[in-house]
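Trainee: Could you take me through one part of this model with care, residue by residue, and give the cut-off for each term as you go?

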Amino acid sequence: MSNRRSLAFVGLTVFAVAVTMRTIPLYWSPLPFNTDGFKFAALARETLAYGYLPTSWGFFNPDEFTFTVLLTISSRLTGVSPLYIAQVLIASIGATVCLFVVAITRRIGIQLRWPDFDVRIAALLAGLVLATEGIFLGRSTAVSSEGLGHVFVLLTVFVFARALWTSRRSWLLLSVLVFALFPLTHNLGAIIGGFSAVSLLVLVFRESKWTAGLFAGALVAGFWLYTGLYYSIAELNEVSRISSVPGLFAAWIVVLILLTLWLPITRPRVQKTVPTMALVGGAGLLVVNYFVSIFPGTATTDPLTLLFVLPIAVIGIVAFQGIPSLIDAGREGYMMFALLIGSISIIGFALTGSLTIEYQDLAIRGQIFIHIVAAVLAGLGAVMIGRSWKPSTMTTAIVVVVIVCSLVSAPLAFSGLEATSAQPLVTQSEFETATFAVTYADGWTSDGHMTRLASKYYPKQTPNDVSQRGIYEWLHGGAVPSCPVVSQQSWTTVGAQLFPSSPKTIGYKSYEGSFQTRNLVYATSGNDPLIFTMPTNGDRQGCNW
């Protein structure tokens with residue numbers, strides 16, 4: 001088989017696996033996988049109805065333009081409602097990220113002058129890891145603007161690296177375009193992209209490419225200024241996480257610069273050890289969080305999560321063996337090196353910022369971008385280990401181990417409340433029940449899964465008092481809420497979602513007995529029945545807290 005045909009085979013295989021894995025939720029429900037997806041479906045619905053983006057809505061964020069437009073166009077072209085095309089669209093976006101990883105890994109292998117077979121193995125393994133690995137799979141299956149954030153951060157490091165090392169005007173202009181669109185696409189991705197651009201600047205200055213570096217430095221400074229002003233004027237809530245501690249943010253930029261200068265010139269053993277220690281530290285935080293919540297008021301680590309994360313840690317150990325190859329590969333490797341340092345820096349900023357829910361969210365979302373680099377490194381690391389050991393069949397053994405570990409971790413993406421503090425999957429009966437509650441009750445309460453679903457898709461019809469507070473107080477020893485309630489039988493098994501806290505279960509007898517003195521208004525059947533009950537006085541008014 002020719003090199004071109006074999007590369008096409010690798011690309012098609014990875015794309016098919018990635019799309020298949022990200023459309024698994026369609027087996028359970030034709031709707032978007034997660035509640036955030038209903039927000040984008042609602043935005044696209046309104047855009048199609050009125051012909052313009054509903055920017056006047058209070059819940060339209062300034063970093064949601066790009067994905068909303070893309071979903072709207074997809075719906076218009078296919079004639080399929082945004083609700084039912086969203087999952088296929090996000091699966092395609094996630095698969096595109098996997099193809100990027102295949103292409104980048106191949107380029108690095110070529111720069112390292114590896115044999116064609118080794119290059120293909122590394123590229124295939126990198127793509128398959130990113131397509132199936134549980135943590136990244138879960139985030140890239142969720143319908144949100146983060147998927148495009150993954151695409152744009154790869155575009156940023158690729159295009160900007162080309163501009164820096166070639167000084168060609170076309171790449172510089174393309175960098176300007178990507179930088180201009182990034183803040184409209186995803187806020188955290190834009191910050192990590194900015195961090196990565198700073199790291200690339202440091203690398204190009206280290207090679208004494210001053211002419212390209214000075215112009216590109218002005219471009220990066222302009223990007224940071226533009227992003228900060230845009231998000232501040234648009235009043236993006238996430239900006240406060242940085243504006244409240246500007247000194248700390250600047251300190252982590254200094255750390256980023258120092259890491260970028262030091263790590264490439266140190267010994268290969270140190271290059272492998274530093275990220276490995278970061279991996280061990282992250283795993284240690286998960287274990288500590290099992291015993292006591294590191295961020296007060298948030299969920300502790302579920303034992304099942306630890307079980308799924310263990311094989312991912314094995315992949316990480318293999319992956320970080322490939323870090324020296326990033327340094328040796330020059331420009332192609334620098335792209336991934338800069339993204340790695342940028343992602344680590346934002347996680348460090350979050351962990352040292354404050355022990356609050358906002359900074360926990362920043363750390364959790366920031367680590368997702370490391371998985372992109374880790375997939376590339378896993379492909380490179382597996383081949384490097386195999387090339388250094390005898391017999392030659394060791395490469396095959398390492399590749400098999402990495403793929404098995406990735407597949408074993410995949411169920412984490414779809415485990416919901418059995419392993420995590422949030423239930424992503426939305427079933428048809430849940431959506432219909434939320435629609436009924438919004439239509440016929442002036443206010444009601446339920447767990448976080450149902451209340452978020454309603455407020456995301458019906459923001460205008462969902463009153464402010466529709467929240468999980470009533471259920472939280474009830475399940476923690478209080479009385480049954482004296483207002484309409486949407487409840488679900490799974491509360492007696494996996495528990496009610498009370499994110500960011502851990503799920504809370506209620507005994508089956510207590511669950512059934514609590515509604516004996518209430519009027520049953522609406523009910524669904526199936527594996528997880530839902531009911532809508534009201535007080536016996538027929539009060540349809542909202543819940544007064």
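**From the hairpin to a buried glutamine**

Mentor: Leu520 stands opposite Thr533, which belongs to strand 3. The model is predicted, so local features need pLDDT of at least 70 and side-chain atom pairs count only at pLDDT 80 or more, while totals for chains, interfaces and linings use all residues. Residues are numbered from 1 along each chain as its sequence is written, and side-chain values use heavy atoms, with hydrogens and water left out.

Strand 2 (residues 519-523) and strand 3 (residues 530-534) are joined by four bridges in the antiparallel sense, where pairing requires that DSSP find at least two bridges between two strands. Six residues lie between the strands of this hairpin, and Gly526 has a positive phi near 110°. Strands here are DSSP runs of E with at least two residues, and helices are runs of H or I with at least four, numbered from the N terminus.

With a relative accessible area of 4%, Gln497 is buried, a label for values under 20%, against over 50% for exposed and partly exposed in between, using a 1.4 Å probe and protein chains only. Beyond residues up to four places away in sequence, Gln497 touches Leu417, Ser421, Ala422, Gln423, Asp447, Gly448, His449, Arg452 and Gln468, a contact being heavy atoms within 4.5 Å. With one of these, Gln423, the backbone nitrogen lies 2.6 Å from a polar atom of the Gln497 side chain.

Conventions:
Polar contact = N/O pair within 3.5 Å; in protein donor to acceptor, adjacent residues only side chain to side chain.
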